[in-house]
Every structure is written in structure tokens, then in C-alpha cells.
Amino acid sequence: MEQKLKVFLTVVKHMNFSRAAEELFITQPAVSQYVKSLEEELGIKLIDRTNKKIRLTKAGSLVAYYGGEIFTLNEKMKQAVEDLAGEVKGKLAVGASYSFGEYILPHIVADFLEKFPSVDPFITIGNTQEIAEKVIHNEIDLGVVEGTVSSGKLVAEKIASDRMFVIKGKKEHLEKRVHLNEETWIVREQGSGTREAFEWFAAKNGIRPAKLLEFGSTQIIKEAVEAGLGVALLSEWTIRNELELEKLKIVGGGSLYYERNFYAIVQDAPFMTKTAETFLHFLRRD
């Protein structure tokens, strides 16, 4: 079944038999035969073909989902077996939430590659929930996130912490904390660890924002604050350059802050590839 499944997944990838045949270096009739044979083996139709267009049936979507997981696990199994040789090499898929992923992770990966140059890193950036889902579904080896992740399928380990400060544009007049209730707060989307931190911070300090603006990235939030659209709570890692250039200012002289932790998350499973395990040890060191 493995070859049939591989051909089927390639068809799903392109949603086109001809392009699948080109990628697999076989003929289009051979692709059709493999798919037909898989349908016969499973006893159900996987693809509908109408007017030269194809679409997956419900069964086809299920086979595509689980088939993808089978191949991902197969690759992990092969790498785990290769790891017995003892060399740290090959693919390393790491995901991270925005603050850590955009400002800290690149430096850690660079240091890691100096020590292990045979590693081929693949980095994914997303919000905390997105990264957790990728770890759960074997799309990445491990993730680094802020905030909490509720899943019995994951194991979390604290690896770092940082402080988040309330920031304003340089020209904004805002010196007393009581004014924060009257301000427009610029925040990240739901599912982001930065958004969760803001909600904890606001509750702790009795802040009830007059208005919220929700943006999808830290960079956009910084630009919006600099432009005078409101205030925000951001990690000290993300605002260093803007503070040095005096584009942004910290409200309250740094006395008003929120401290949060960052966690490495991995699947609650008995095995990790040696490369992923070595990188996890590297994160602990940093």
C-alpha cells in the first residue's frame, strides 16, 4: 500500500494527475491506476473527477490526512534508527511563537549550527496555539512558546523568561498608570501567548481598556504604537532597537511590567530524534 498511498498523496498535493506524474517520474495512466488500486483496496471512492477537475471525497480527505501522518512518522522512524549511529545531523524542524522565534531563536540556531554543521534546520513561526498543533501532528520536532498549552499530548519545560513593558510612542503624553484605562490598547490575536500575557497583566492591574485594536504581528503593533494609535504590552526582546533609537518609550520607567516564561514543548512520546534531543539540551543551556 505504501507506493499507492504515496502516489495518492502526490495527487492531493497538486490536485492534478499530470503534475503528480511529473513529480513521480511516471506516466499519467500509471498515476490513475495507482489511485484506482488504492480505492479498490480500501473499498471506497477517494477522488471525484468531473470536467477535468478533481475533488476529494470525504473518504479521500480522511485518507489524505492520515496518510500524511503515516509518512511523517515513517520519516521520523528512519531518522530515529539512523540516530543510533550517534551523529547529530539531518533535518531539525523547530517552531516558535513570534517573540522568541523572531528575536531569540535565530541566534540560538546559528550557535547550534556552528557546533553541528550537518544539521538542516527548518523554522516555523506562529502563535502559541499554532505551534502546539504542529508539534501534536508531527509537523515539527519541538516548539518554543510563551503562555500555557493545555494538551495531554504535550510535555512542556521552562527554558527562558522575559519581561514585558507597557510602551507608548515617543511623542505621546502618558505618565500616570490611571490613564491606561482611557487608552486604546493594541494587542495580538487570540491564541497568541502575547495576548494571553496582556489579559493576565490587565486583570492583575485592574486595567479595563477603553478600546482594543487587534493586530497579527509584533512588528505591526510597534509601528502602530510609534504612530500614536495607542499603547501596548510587549517583550523587552522585541523593543530594544526602538528604545535605542528613541522611537518608543516605556511607561512608568520600567516599574510597570509583566514577567512571563517560555517553554519548550515536545510530544509526550518515548522517543525523540537525536538531533531534536540535542537541540533541546542546547535550549536548556541557553
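Ile-186, Val-187, Arg-188, Thr-194, Arg-195, Phe-198, Ile-221, Ala-232, Leu-233 and Leu-234 line the largest cavity. It's a predicted model, where local features need pLDDT of at least 70, side-chain atom pairs count only at pLDDT 80 or more, and totals for chains, interfaces and linings use all residues. Residues are numbered from 1 along each chain as its sequence is written, and side-chain values use heavy atoms, with hydrogens and water left out.

**The cavity**
- On a 1 Å grid over the protein atoms alone, a cavity is a set of points where a 1.4 Å probe fits but cannot get out, while a pocket is an open set with protein on both sides within 12 Å along at least five of seven lines; lining residues have an atom within 4 Å of a point.
- The count is one cavity of 30 Å³ or more, and the largest cavity holds about 50 Å³ of space (the space filled by probe spheres set on grid points, joined across faces, edges and corners).
- β7 (184–187), α8 (193–204) and β9 (232–235) each give two or more residues to the lining of this cavity (helices are DSSP runs of H or I, at least four residues, and strands runs of E, at least two, numbered from the N terminus).
- By class, that lining has seven nonpolar, one polar and two charged residues (Ala, Val, Leu, Ile, Met, Phe, Trp, Tyr, Cys and Pro count as nonpolar, Asp, Glu, Lys and Arg as charged, the others, Gly among them, as polar).

**The second largest pocket**
- About 290 Å³ of space sits in the second largest pocket.
- Of its 16 lining residues, Lys-76, Asn-138, Ala-269, Phe-271 and Met-272 are the closest to its centre.
- α4 supplies the largest share of this pocket's lining, four residues.
- Domain 1 (1–80) and domain 2 (87–160 + 262–284) both contribute lining residues, so the pocket lies between them (domain bounds come from an automatic or database assignment).

**The nonpolar cores**
- The largest nonpolar core has 25 residues, with Phe-100, Phe-112, Leu-142, Phe-279 and Leu-283 making the most contacts inside it (a core joins buried Ala, Val, Leu, Ile, Met, Phe, Trp, Tyr and Cys through side-chain atoms within 4.5 Å; buried means under 20% relative accessible area, with a 1.4 Å probe and protein chains only).
- α11 provides this core's largest share, five residues.
- A second, separate core of 19 residues includes Phe-17, Ala-21, Ile-47 and Ile-54.

Notes: Buried means under 20% relative accessible area, exposed over 50%, partly exposed in between (1.4 Å probe, protein chains only).
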